[in-house]
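Let's take a walk through a protein chain together, one stop at a time. Keep the structure in view and look for each residue as it comes up.

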Amino acid sequence: MIELAAAFAVAGAASNAVGTAFQRKAASASSRGGLRLLVELVHRPFWVIGMAGVICAALFQSLALVNGPLALVQPLFILELPFALLVAAPLMHRRLPRSGWWGVGGCVAGLAVLLVAAAPHGATDHAPLVRWIPALSLCVGAMAAAVLLAGRGRPPARRAALLAAASAIGNAMTAALLKSASGTFADQGFTAFLRSWQTYGFALAGVASVLLLENALQAGPLAAAQPALTIGDAVVSLTLGIFLFAERIRTGWWLVPEACGALLIVAGVLVLSKAVQRIVVLPAPAEKRHMAT
């Protein structure tokens, strides 16, 4: 079932990338923040399309988590970064420089090397409460600290990165709770799913993550928000998978290719971030220029 989990995870990454790109387009046209931003965005068609992508991503993610370990599924969401940039470029009437394609290749190749070398395995769907309490406490505390450090008056790129990092932690926490709730649904049925506290936990964490993401996308450039969002999600998810669900990765000499894959991913992200700063603005279509005049 590992192959099926990987396929669902890739589909989820693509759907989430579409959602992020459309949400970015909607959020960039607003100057509001907090809950007022979310209230305004609900009435924007681009935001509705973006939320549809996020919902599809959640469905694919739950299917992936039922069939595979958290340490496999969430790192595959690193593919959301190149997907998001490739979707956002034409949506925002931009063209990605040639160096951006090298960044995309670095992310994909690094992820492949990392996952093949690590070979995550040994997952369970449930964790005892004695593990949940410290894990959730640390995640919530880290999210609160990131939000406080991203107060108004900070540089836009820093605010976007910090808020995206908080959203990434929330996404990882949501995935861990979703894995447990999905396992309950698969093993015991819908009634037990509704009685599980993890069901309401992942819903609450998911809403908080979406709110943080909206503010991150509105606070600064996508080049600052997306790397923190994607890489942060993968790192925290890997940690939660090992701590909560007793998932394992290969160690020993396998740590060498794992480190090489991780470095290649980081290099690809940095190249992509710089490429986005040199993105080319395309001329508006003739009919839009005519409407503007």
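Our first stop is V87, which sits in helix α5, the stretch covering residues 80–91. Is V87 buried, partly exposed or exposed? Its relative accessibility is 25%, so V87 counts as partly exposed. Setting aside residues up to four places away in sequence, V87 touches V18 and A21. There is also T20 to look for: V87 and T20 are 67 residues apart in sequence, yet their C-alpha atoms are 9.3 Å apart in space. Before going on, please keep in mind that what you are looking at is a predicted model.

Now let's step back and take in the whole chain. It has 293 residues, and 47% of them count as buried. You can trace 13 helices and two strands along it. Of the contacts in the chain with a separation of 6 or more, 85% are between residues 24 or more positions apart. The chain exposes about 13,900 Å², and 73% of that area is supplied by carbon and sulfur atoms.

Next, look inside. How many residues does the largest nonpolar core have? The number is 57, and the residues with the most contacts inside this core are L240 and L244. Helix α8, which runs over residues 156–188, gives the largest share of the core, with 13 residues.

What is the nearest side chain of opposite charge to R159? It belongs to E214, and it is 13 Å away. R159 is buried yet has no salt bridge. A salt bridge needs a side-chain nitrogen of Lys or Arg within 4 Å of a carboxyl oxygen of Asp or Glu. The side chain of R159 does reach the backbone oxygen of A150, at 2.9 Å. Apart from neighbours within four places in sequence, R159 is in contact with A150, G151, R152, R154 and A219.

One is S62, in helix α3, which spans residues 45–67. Its relative accessible area is 16%, so S62 is buried; the cut-off for buried is under 20%. A polar atom of the S62 side chain lies 2.7 Å from the backbone oxygen of L59. Further along the sequence, S62 touches L178 and S182, with residues up to four places away not counted. The C-alpha atoms of S62 and A175 are 8.0 Å apart in space, although these residues are 113 apart in sequence.

The other is T199, which you will find in helix α10, residues 197–219. Because its relative accessibility is 8%, T199 counts as buried. A polar atom of its side chain lies 2.5 Å from the backbone oxygen of F193. Leaving out neighbours within four places in sequence, T199 is in contact with F193 and A181.

Let's turn to a glycine. G100 has its place in helix α6. How much relative accessible area does G100 have? The value is 0%, so G100 is buried. If you skip its neighbours within four places in sequence, G100 is in contact with L272 and A275. G100 and G268 are 168 residues apart along the chain, while 8.6 Å separates their C-alpha atoms.

Our last stops are two alanines in loops. A119 lies in the loop that connects α6 (98–118) and α7 (129–149). With a relative accessible area of 25%, A119 is partly exposed.

A246 is found in the loop between α11 (222–245) and α12 (255–277). A246 has a positive phi too, of about 55°, and it is not a glycine either. Its relative accessibility is 35%, and therefore A246 counts as partly exposed.

Conventions:
Residues are numbered from 1 along each chain as its sequence is written. This is a predicted model: local features need pLDDT of at least 70, side-chain atom pairs count only at pLDDT 80 or more; totals for chains, interfaces and linings use all residues. Side-chain values use heavy atoms; hydrogens and water are left out. A nonpolar core is a set of buried Ala, Val, Leu, Ile, Met, Phe, Trp, Tyr and Cys residues joined through side-chain atoms within 4.5 Å. Buried means under 20% relative accessible area, exposed over 50%, partly exposed in between (1.4 Å probe, protein chains only). Helices (H or I, at least four residues) and strands (E, at least two) are DSSP runs, numbered from the N terminus. Lys and Arg count as positive and Asp and Glu as negative; His and the chain ends are not counted. A polar contact is a pair of N or O atoms within 3.5 Å; within protein, one must be able to donate a hydrogen and the other to accept it, and residues adjacent in sequence count only if both atoms are side-chain atoms. Contact means heavy atoms within 4.5 Å. Accessible areas come from the Shrake-Rupley method with a 1.4 Å probe; for residues, only the protein chains shown count as cover.
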